[in-house]
Each structure stands twice: as structure tokens, then as C-alpha cells.
Amino acid sequence: MSVFTRYHRHRPAAAGRTGPEGAPPAGERSSGPPDAAAPDAAGPASTDAGSASTDAGPVSDAERVSDAGPASDVAGPLPDAKSNSEPAPDVAPPSAGRGSARRVLRRTLRRTLRRAGTPVAGLLVAFALLAPDRPDALTAAGFVRLPAEALLAGVLILALRGRARRAVAAAAGAVIGLLAIVKAADLGFQSVLARPFNLVSDWYFLRAGVDFVAESAGPAGAVGAVAGAVLLAVAVLVLMTWSALRLAGAAARRRTASAGALGVLAVTWVICALLGAQLAPGTPVAALAADRLLQVRTSLRDQEEFQAALRQDPFRATPGEALLAGLRGKDVLLAFVESYGRDAVQDQEFAGGVGAVLAEGDRRLRAAGYAARSGFLTSPTIGGGSWLAHATLLSGRWVNDQQRYQATVESDRLTLNGAFRRAGWRTVGVMPGVTRAWPEGAFFGYDQVYASWNLGYRGPGFNWGTVPDQFTLESFQRAERAKKDHPPVMAEVALVSSHAPWAPIPRMVGWDELGDGSVFRSIRAAGQDPDQVWSDPARVRAEYRRSIEYSLTGLLSYVERYGDDDLVLVFLGDHQPAPLVTGPGASRDVPITIVAKDRAVLDRISGWGWQDGLRPGPGAPVWPMDTFRDRFLTAFGGAPAPSRPGR
């Protein structure tokens, strides 16, 4: 018998002897029928349980006895006419009173739980089906939806009987549970990446999330987070399956009323669909919960189209001598500044501090003979997924999900790094955030990769960004540019000190004091605790600003200290920070700047319309990030600008 079966009606039990007052003489039977001899003992139990039995349906005698306990506990055996036993005592033993109280409490608790079960099941299913998948839609109006799939499932449950009905209900419950899990993933992705979870390509982010927790909270924290997530997912599936079975049983017992309610809801759905009714923006009342399944088909079709686009490359066969002639003999440093977005230079909350750093850097670099031009690029991601932005800029294709990223790194497409390598540059990747084997490095065309383990850093970790940006730049300088008569080098450098959680943040020290990084131990110890920072959104935004200021200060200081006539710096953001920092509706634009002492370099891009200085203004040009590779190769190589199909 199911553990969810309602409280059952007990069989009327025969009455035993009463106390001496009004009891028949010993050895004589009562003149009435056995069932009538004990109305006080059996009557209340029968009445209470009888109302519950209408919800549970007919039950067997064995089930009645199982729920009620042995019959002797309720009313005792019938007296035997030939028995010479003594009359029952005036007072029952204390243990009998305690047992009776426990049974009453147990019956009351069961009855309460069983009567509340159906409403609770209905609330759970309604929440899973109606809850929005966007944080900004978590309002009362956002819950006003009618999923068509729920109405269809209700029709099937009413049409079927017995095992078929239960099988459909169980399957529907499992699907609703999966839908609830996907919605939870959507809410997380919308909060961090400002887009929903992709059922085909975003599973990689689960691993990235675990890595982030491991770096921030340690391996034990990562294991705990994974275990908690798995247990929660299992609990959701079990609860939703139970809820669906419970509701199916209730609907079957009240078939007429349930059919009428479904009819009203179906008519309402059709009317709302025809009118396009919405109480919350972007949330239609007549909804389709399975529209996410349609995205799976779209993602699979996109994979084929994107692979074909990767093979279309006007620079595929360009010889090395025809590439990048305008930069011959230059050291080119391409630096990605983590989470450096448009808001950092234009939002009033951040632009004051960040703008002051850029203004001071502009002044000092101009005094040293440098000039700069700035604009904006639109990143394919926001809040995270830095590797998608790197791949987009370097490959010249719009890489906005893991599926496209995997297709890109498995192709033979010419990257910007690869073009420099083909043209005779030594190419290196400086990747302090890489903490394990990175086979994708071969695709990008590096001669050498400097990862977290071979940068020579012996200082403390700073959460996810383990190596301070200043040390990263110094390590690159020592390994490559400080060598006498070194060949021209093209370096892609990832500056990660401005990566979330933005606590603790390194601070600048004298370049001569860096050593092996041990100097940062006291700075790390004095830094803020991430848990304290993240308890207050205002502090999160303040620490984000400080981290950008640190990264930009270190980069501009590097140019001032180690720059020369042959250094060309290109620095840009990979993406905007999470919506927690920018607020909802922020753009995906990131600043990009080219700095050089040789004016001939900047003359090559004079037709781009970029603005003078390190800080682009609101009116600066905005390009999709995937257009940069071809524009850059064209500007510095002399090849005609190719015609490109849409993204």
C-alpha cells in the first residue's frame, strides 16, 4: 500500500465490559448486538475516518486493521458467557491511557498531513510551472501564466484510469521536476551571464563553476557545493513526482469538477493566446513550458551552420610576408582586462575612480611620447565566459557559447596569434588563470604558454585570480622582452586580478620589490574577506571598481617603465561584469585601446574613427568583437577588407 494513502476507516469493533456501574453481571452477554454495545469506543473513530475515506477510495479489511492497530486495542474481545473471569477494574492501567493518547495523537497527525497533502502538492506543481526564469520577472504578475502542457497533462490524467493514469502522472511529475531544475539554472545564468542556460552547450559551465568555488572556498567547499546541488536536484524530482501522483488521484476522485476547471482554463488560454496577453513584460499568460526544447533543435542546427562559417576565411591562404607588414619589428602586447566593460568608464559609480586612473595614465604616457586611440567592441558574453571573448576576437567568428567554442578550437581557422606567427613573430600566451593542462593553446598558435605554474610566482593566491597582474606583467618581461636581441614577440596576456569575487585585491608595489611574489603575503593577509564583501551589494560594486583601477594602473605603469619605440599595446575588456554590478539591461560593450609611440602605427587606423586618448567617450564607434581580427589584419597588412557573411 502506498505511504501516501489517506487515513482509512476502521472496522467497528466489538465492545468489551464496562466498569461496575451499568455493566451486565459477570458471565452474561449484553442483550444488544455487539456493534451497539460500545458506541463511545468505535463511533468516533468510524466517523472521523469515514470522511477521509472518501478521498482515499475503498480499502481492504487488512488495511483498516493495519491503520487502526489490533482490534483489542480499540474495544477489547467479546465476553464469553461461560467465562468466570473477574469484572474489569474501575480504573484502566496508566500504560493503557498513555497508549490511547499516543494513538489519538498519531491519528490526528496523519489526518492533518493527509488532508494538507493535496494543497501542498498543488502549490509545488504550480510554483514549478509558473515561476519565471528571469530575476527581473520574479514579481506577482510574473507568476500569472497558463502553460499549455499542464492543461494537456490534466486531460490525459482524466481520460486514463488505473496504472495508465499513474504512469502518466509520474512521468509528468518527473518532467515538471526537470523543468524546475532548468529554471533554477536559468535564474543563475541570468543573474551572472545575463542569458538563459543553454541545454546543449552550457554544461561546461558547471565544471567552470566548480573550479571557481574550489579556487575561492577550497576543495572542501567545492565538494560540499556539488553534493548539495545533487541532493537538491534529487529532492526536487522526488517531490514533483509525488505531487503529480497526489494531484492525479484527487482529480480522478472529483472527475466532474476537475473536467469543468480544465475546460475553463483551456478557454482562458486560447483567449489569452489570441490577445497576446501579458501582465509582466516578456511573460505571456498563454505560455509554453516546453519552448526550451525548441532551443535544443535550434542549437543543433546552429552547430552545422557555424562549422561551415569557420571554413570561410579570406586570410586562410595569405602568405606570411603579406601579413602585418605595418608592425614589422614591433613587440605587440594584446592584454585582456577581466570584466573591464563600458560601465567601468561611463557609469558614475565607477567612472570617477577608473576615469581618474585613465586620465593620469594618459597624462604620463603622453609625457613619455605615447599616443592612444580608443573605441568599443561588443562582447559575445557578459559576467563570465572570458574564453568565449578571447576566441571571438582572435578567430574573427562570433563565439557566444561552448558549442561554438569547441568547434572553433577543433578547426584549423587562422587566429590573430597564428597570423603573427606566420609572419615571423614569436607568439606567447601569458595565462595566469590556467591551472591545468590546456590543449586549446595549440589552436591559438602560441610558441610558448606561461600558465600559473611556470610564471615563477611564490606568493599567496588572491582567490580566482591567483597571480597579481603586476607580477604577471613582470614575469612576462623577464622571460621575453628583457632578453638581449630577442625576436619580435606577440603576447596575449590575461590580466585576472579584476575577476570576481573582487576580494581580496592586490595593490601596487615597487617593480624592483616584486621578487618571487612573496611581498604580496602581507597584502593578502590585510585584504578583505569575500564573504563580508558579498554580504553587501554596494561593497561588491566598490571592490569591483577598485580591482579595475588596480589592473589598469599596473598595465599603464608597465608601459611607462618598460615601453620603448617598438612596443605596441592593445588592451581591452573581455566582457562586462555580472548584472549584480551593472544592473539589468547593461550593454555588452567593452573598451578597447591601442597605445604606441610610433605615430605610423596609429596612422594605420586613422580611418577607424576611434577617439583620442585612453578613455572612449559615449560617442566612440562600436564594433562587434568578431570584426576586429579582419579589420586589424587589413589595416596593418594592406589586404583589401573582405566581405563577410552575417554572424
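At 3% relative accessibility, S339 counts as buried in this predicted model, and this residue lies in the loop between strand 5 and helix 10 (342–346). Its backbone is marked by a phi near 60°, a positive value in a residue other than glycine. Most residues other than glycine have a negative phi, and most peptide bonds are trans.

The bond from A500 to P501 is cis, with omega near 15°, and P501 has its place in the loop between strand 9 (489–495) and helix 17 (520–526). A cis bond also joins A503 and P504, where omega is about -10°, and P504 lies in the loop between strand 9 and helix 17.

Rolling a probe the size of a water molecule over the atoms shows where empty space is left. The structure holds two cavities of 30 Å³ or more, and the volume of the largest cavity is about 60 Å³. This largest cavity is lined by 12 residues, and those that lie nearest its centre are F462, S497, H499, W502 and P504.

With regard to the overall architecture, the protein has 22 helices and 13 strands, and buried residues make up 45% of its 647 residues. Among contacts with a separation of 6 or more, 77% are accounted for by residues 24 or more positions apart. The confidence of the prediction must be kept in view when the model is read: the average pLDDT of the protein is 82, and 81% of the residues score at least 70. Over residues 1–86 the pLDDT stays under 50, and for this stretch the model has 93 contacts beyond four places in sequence. The pLDDT is also below 50 over residues 640–647, a stretch that has 17 contacts in the model beyond near neighbours in sequence.

Helix 5 (residues 148–159) consists of 12 residues and reaches 17 Å from its first C-alpha to its last, which is close to the 16 Å expected at 1.5 Å a residue. The buried residues of this helix are L151, A153, G154, I157 and L158. Viewed down the axis of helix 5, these buried residues fall within an arc of 160°, so they line one face of the helix. On the other side of helix 5, L152 and A159 are exposed.

Helix 12 (residues 386–395) gives a further case, in which nine of the 10 residues are buried, so that the helix is largely enclosed by the rest of the structure. The buried residues of helix 12 are S386, L388, A389, H390, A391, T392, L393, L394 and S395. Helix 12 is followed by G396, whose phi is positive, near 75°.

G173 is found in helix 6 (residues 162–193), where its relative accessibility of 0% is the reason why it counts as buried. With residues up to four places away in sequence not counted, G173 touches M240, T241 and A244. G173 and L237 are 64 residues apart in sequence, whereas the distance between their C-alpha atoms is 7.4 Å.

L206, by contrast, lies in helix 7 (residues 204–253) and counts as partly exposed, because its relative accessibility is 47%. L206 and V226 are 20 residues apart in sequence and 9.5 Å apart in space, C-alpha to C-alpha.

Definitions and conventions. Residues are numbered from 1 along each chain as its sequence is written. This is a predicted model: local features need pLDDT of at least 70, side-chain atom pairs count only at pLDDT 80 or more; totals for chains, interfaces and linings use all residues. Side-chain values use heavy atoms; hydrogens and water are left out. Helices (H or I, at least four residues) and strands (E, at least two) are DSSP runs, numbered from the N terminus. The expected span of a helix is 1.5 Å times one less than its number of residues. Buried means under 20% relative accessible area, exposed over 50%, partly exposed in between (1.4 Å probe, protein chains only). The arc is that of the directions from the helix axis to the C-beta atoms. pLDDT is the predictor's confidence in each residue, from 0 to 100. Contact means heavy atoms within 4.5 Å. On a 1 Å grid over the protein atoms alone, a cavity is a set of points where a 1.4 Å probe fits but cannot get out, and a pocket is an open set with protein on both sides within 12 Å along at least five of seven lines; lining residues have an atom within 4 Å of a point. Grid points are joined across faces, edges and corners, and a volume is the space filled by probe spheres set on the points.
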